[in-house]
Amino acid sequence: MKHFEVNFDGLVGPTHNYAGLSYGNVASQSNAKEASNPKEAAKQGLRKMKALTELGMTQGVLAPQERPDLATLRRLGFTGSDARVLEQAARQAPAVLAACFSASSMWTANAATVSPSADTQDGRIHFTPANLTNKFHRSLEPDVTGRILRAVFPGDRHFCHHSHLPDNDHFGDEGAANHTRLCRAYGEAGVELFVYGRSAFDVSQPAPKRYPARQTLEASQAVARLHGLGEETAVFIQQNPEVIDQGVFHNDVIAVGNQNVLFFHQQAFLHTEAALAEVRTKFGEGELHFIEVLTAEVSVQDAVKSYLFNTQVLTLPSGEMAIIAPTECRDNPAVSAYLSKLLTLGTPIKQVHFMDVKQSMRNGGGPACLRLRVAMNDAELAAVNPACLINEGQFARLDAWVEKHYRDSLALDDLRDPALVQESRTALDELTQILKLGSVYPFQR
């Protein structure tokens, strides 16, 4: 039986815009209110997916959410026709309207936490959608995310789907952005690292002071229980509160892991030595590489600007590891110099590939934000909805779909345009047919 990791990238939605909704995300806030280009954003994402298939990787795609979320606007007291709801919201609560238009589901690292069958007690792949309670615009996603995941990973023989955790900050869960997995090989039992920002029930524990800690210890523990992970499989590590206050809103902005490599910044974790000692003990026999980037080599500020750690670390079919980095890493002198040095250090990472995802980067999400990783075997892959896997034909169909339906520019004032509602629904209805998802969207049900 073959084992490998499949990346399922989020397809950028037709309402991709820069509303600056994510407090604590420096890029999101600094580019607020600029005009976006939804068509280019979606095509950049698709080109990255295609590039990974050309590197020999198996690549999947996840559909975006329906936006605007008119049902939520109506729950909040806006009434009448769709056009009337938009007009009222634009006049009375423009920030709420922008939140209900957010295309943030493109960052599927926040879609869910995934535990592969090699780690779980029942031998199935487990999915728990993230509740994303810390940000209103993202808290609207979990129900539809769950439906999309069930359509992509159908049936209960190989897959187990859980409901998202309770909608409260005590169980704030941001999904795979605060979760990574280390293993000797994808088909062997591994160690799952849950990185949290604070303890919700023990306020005496360290916590950031400026920006919110979006992931709680209690949420991470709950997901591990739901997924049937034993004590020997899960490690709970606290993120350094000081780096959260520097704009490191998720662990995947400061650390990333793949197989037997953990690539992280010197300031990423609290009590680093103890955490890494526990990881090494639970990992067991076999070579384990901790690649620590010192502050003297790359500052936290440069790491956040370039998203050095929001890169994808992949194991290519050749067995070599490669980093998929945004072009911002190439253009940052300190980061570029470090990556050149990294290739000489004798670690499993032997290649760096730069990709243009600028539309996503300007809103605060790099290559790793755009993908949800699922380690699986060939039998499990055979059970995946095949229309959600990228090949030449599906890439061409999705690229043509974007070309047909997406706008080249979207400013915040455009969100009041009723035509955008119909454009988005028409596009998504057609997308569900291309991806064979069924009726996953509220307007279809």
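Reader: What makes Glu297 count as partly exposed?

Author: Its relative accessibility is 25%. Buried means under 20% relative accessible area, exposed means over 50%, and partly exposed lies in between, with a 1.4 Å probe and protein chains only. Because 25% falls in that middle range, Glu297 counts as partly exposed. Before going on: this is a predicted model, in which local features need pLDDT of at least 70 and side-chain atom pairs count only at pLDDT 80 or more, while totals for chains, interfaces and linings use all residues. Residues are numbered from 1 along each chain as its sequence is written, and side-chain values use heavy atoms, with hydrogens and water left out.

Reader: What makes Glu297 and Lys341 a salt bridge?

Author: A salt bridge is a side-chain nitrogen of Lys or Arg within 4 Å of a carboxyl oxygen of Asp or Glu. The closest N and O atoms of Glu297 and Lys341 are 2.5 Å apart, so the pair meets the rule. The two residues sit in distant parts of the chain, 44 residues apart: Glu297 in the loop between strand 11 and helix 11 (300-306), and Lys341 in helix 13 (residues 333-342). Helices (H or I, at least four residues) and strands (E, at least two) are DSSP runs, numbered from the N terminus. Lys341 is partly exposed as well, with a relative accessible area of 38%.

Reader: How many salt bridges does the rule give?

Author: The count comes to 25. One of them joins Asp82 to Arg74, with the closest N and O atoms 2.9 Å apart. Asp82, at 26% relative accessible area, is partly exposed, and so is Arg74, at 34%.

Reader: Are Arg138 and Glu141 buried or exposed?

Author: Buried. Arg138 has a relative accessible area of 6%, and Glu141 has 2% relative accessibility. Arg138 and Glu141 form a salt bridge, with their closest N and O atoms 3.0 Å apart.

Reader: Which residues are linked in a network of salt bridges?

Author: Lys39, Lys43, Asp399, Glu403 and Asp408.

Reader: Why is Asn17 called buried?

Author: Asn17 has a relative accessible area of 5%, so it falls under the limit for buried. It lies in the loop between strand 1 (3-10) and helix 1 (26-30).

Reader: What is Asn17 in contact with, leaving aside its neighbours within four places in sequence?

Author: Contact means heavy atoms within 4.5 Å. On that basis Asn17 is in contact with Ser36, Phe101, Ser102, Asn363, Leu410, Leu412 and Leu415.

Reader: What makes strand 13 mostly covered?

Author: Six of the six residues of strand 13 (residues 321-326) are buried. In a regular strand the side chains alternate between the two faces of the sheet. On one side of strand 13 the buried residues are Met321, Ile323 and Ala325, and on the other Ala322, Ile324 and Pro326.

Reader: How do you know that strand 13 pairs with strand 12?

Author: Two strands pair if DSSP finds at least two bridges between them. Strand 12 (residues 312-315) and strand 13 have four bridges, in the antiparallel sense, so they pass that test. Leu314 stands opposite Ala322 in strand 13. The two strands form a hairpin with five residues between them, and Gly319 in the turn has a positive phi of about 100°.

Reader: How many bridges join strand 13 to strand 14?

Author: Six, and strand 13 and strand 14 (residues 349-355) run parallel. The bridge partner of Met321 in strand 14 is Ile349.

Reader: Which strands form the open sheet with mixed pairing?

Author: Three strands form it, in the order 9-10-11. Strand 9 (255-258) and strand 11 (289-293) are the edge strands, since each pairs on one side only. Strand 10 (residues 261-265) runs parallel to strand 11, joined by five bridges, and Leu262 has Phe290 in strand 11 as its bridge partner.
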